[in-house]
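Subject: Structure for you to look at

Hello,

Here is the structure I promised to pass on. Please open it and keep it on screen while you read my notes.

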Amino acid sequence: MSTNTLTSPSALAPTAGSPPAEASRYEDELGRGLRAADEEAFAAIYRQWGSLVHTMATRSLGDTYEAEDVTQQVFLGAWRGRDGYRPERGPLGAWLVGITRRKIVDALAARTRRLALIESVAHGPYAPPPDGAAPDGVLDRVLLVDRLSRLPRQQRQVLCLAFYEDLTQAQIAERTGMPLGTVKSHARRGLHRLRRGIEQGHTETTDE
């Protein structure tokens, strides 16, 4: 990836108090750099809009881990889909915000599916599938149990008490003797690992 035909983004970066026209020219230059697969321009784009994307994701999802994932997905999607950016349709920032909104919607939908899965495993009776059938729900149950078993002991203990005994975090702290803050930390990290593991399991199954 070459920057020979482009002005260095750092040389054009507007300073505090720069007029709107200068900021607009800088954004246009970054957009041209993105379409030309210029890595320096892409790094400047991340510096310019990374905080905004992360803030949007955090406010919508209420979870720092998920917000970090969405931020990565947004910029990965922007890089892979850079040929789809059209300056005449709107500024680069608006294009990134559009990608962010779609990724947030995807993350919320995935969260809904995970919660339904966890609820079904925690409270729903197991029903064997018909002969010759392997519905996604059964695969999901197997993946969840498998990934739970791979968690660090304390994370697994906290999540199992929450899922299978329907205990609150305060009750888990009382039951285990852990500080409430530690229980919350284990629950948050455990859910993050669990989500990653289930998604990875689906990918591995799809690739087979």
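A residue counts as buried when its relative accessible area is under 20%, and as exposed when that area is over 50%. A37 has 13% relative accessibility, so A37 is buried. Keep those two cut-offs in mind, as they come back below. Note also that this is a predicted model.

**A37 and its backbone**

A37 sits in the loop that links α2 to α3. Its phi is positive, at about 60 degrees, although A37 is not a glycine. Most residues other than glycine have a negative phi.

**The overall fold**

How many helices and strands are there in the protein? There are nine helices and zero strands. From the N terminus on, the order of elements is therefore plain α, written α-α-α-α-α-α-α-α-α. The protein has 208 residues, and 37% of them are buried. Now take the contacts between residues at least 6 apart in sequence. Of these, 60% join residues at least 24 apart.

**Helices α3 and α4**

Two packed helices are described by the angle between their axes and the distance between the axes. Helix α3 covers residues 39-61, and helix α4 covers residues 64-80. Their axes come within 8 Å and cross at roughly 145 degrees. The crossing is right-handed. On the α3 side, the contact includes F42, I45, W49 and V53. On the α4 side, V70, V74, F75 and W79 are among the residues involved. The residues of this contact divide into twelve nonpolar, five polar and three charged.

**The cores**

The largest nonpolar core has 27 residues. Which residues have the most contacts inside it? They are L30, I45, L92 and W95. Helices α2 (20-35), α3, α4 and α5 (92-123) each supply at least two residues of this core. The largest share comes from α3, with nine residues. A second, separate core has 13 residues, including L151, F163, L167 and M178.

Look at L92 next. Leaving aside neighbours within four places in sequence, L92 is in contact with E27, L30, G31, L34, I45, W49 and Y85.

D69 is in helix α4. Is D69 buried or exposed? D69 has 7% relative accessibility, which is under the 20% cut-off, so D69 is buried. Not counting residues up to four places away in sequence, D69 touches H192, R195 and R196.

H186 is in helix α9, which covers residues 180-207. Its relative accessible area is 14%, so H186 is buried too. The side chain of H186 makes a polar contact with the side chain of Q154, at 3.2 Å. Beyond residues up to four places away in sequence, H186 touches Q154, Q155, V158 and M178. M178 is also one of the residues in the second core.

**An exposed residue: R101**

R101 lies in helix α5. Its relative accessibility is 54%, so R101 counts as exposed. R101 and V74 are 27 residues apart along the chain. Their C-alpha atoms are separated by 9.2 Å. V74 is one of the α4 residues in the contact with α3.

**Where to start**

Find A37 in the loop between α2 and α3. Then go to the crossing of α3 and α4. Finish with H186 and its polar contact to Q154.

Best wishes

Terms used:
Residues are numbered from 1 along each chain as its sequence is written. This is a predicted model: local features need pLDDT of at least 70, side-chain atom pairs count only at pLDDT 80 or more; totals for chains, interfaces and linings use all residues. Side-chain values use heavy atoms; hydrogens and water are left out. Axes are lines fitted to C-alpha atoms, for helices over the stretch in contact, and angles run from 0 to 180 degrees between N-to-C directions. Helices (H or I, at least four residues) and strands (E, at least two) are DSSP runs, numbered from the N terminus. A crossing is left-handed if the near helix is turned anticlockwise from the far one by less than a right angle, and right-handed if clockwise. Contact means heavy atoms within 4.5 Å. Ala, Val, Leu, Ile, Met, Phe, Trp, Tyr, Cys and Pro count as nonpolar, Asp, Glu, Lys and Arg as charged, and the others, Gly among them, as polar. Buried means under 20% relative accessible area, exposed over 50%, partly exposed in between (1.4 Å probe, protein chains only). A nonpolar core is a set of buried Ala, Val, Leu, Ile, Met, Phe, Trp, Tyr and Cys residues joined through side-chain atoms within 4.5 Å. A polar contact is a pair of N or O atoms within 3.5 Å; within protein, one must be able to donate a hydrogen and the other to accept it, and residues adjacent in sequence count only if both atoms are side-chain atoms.
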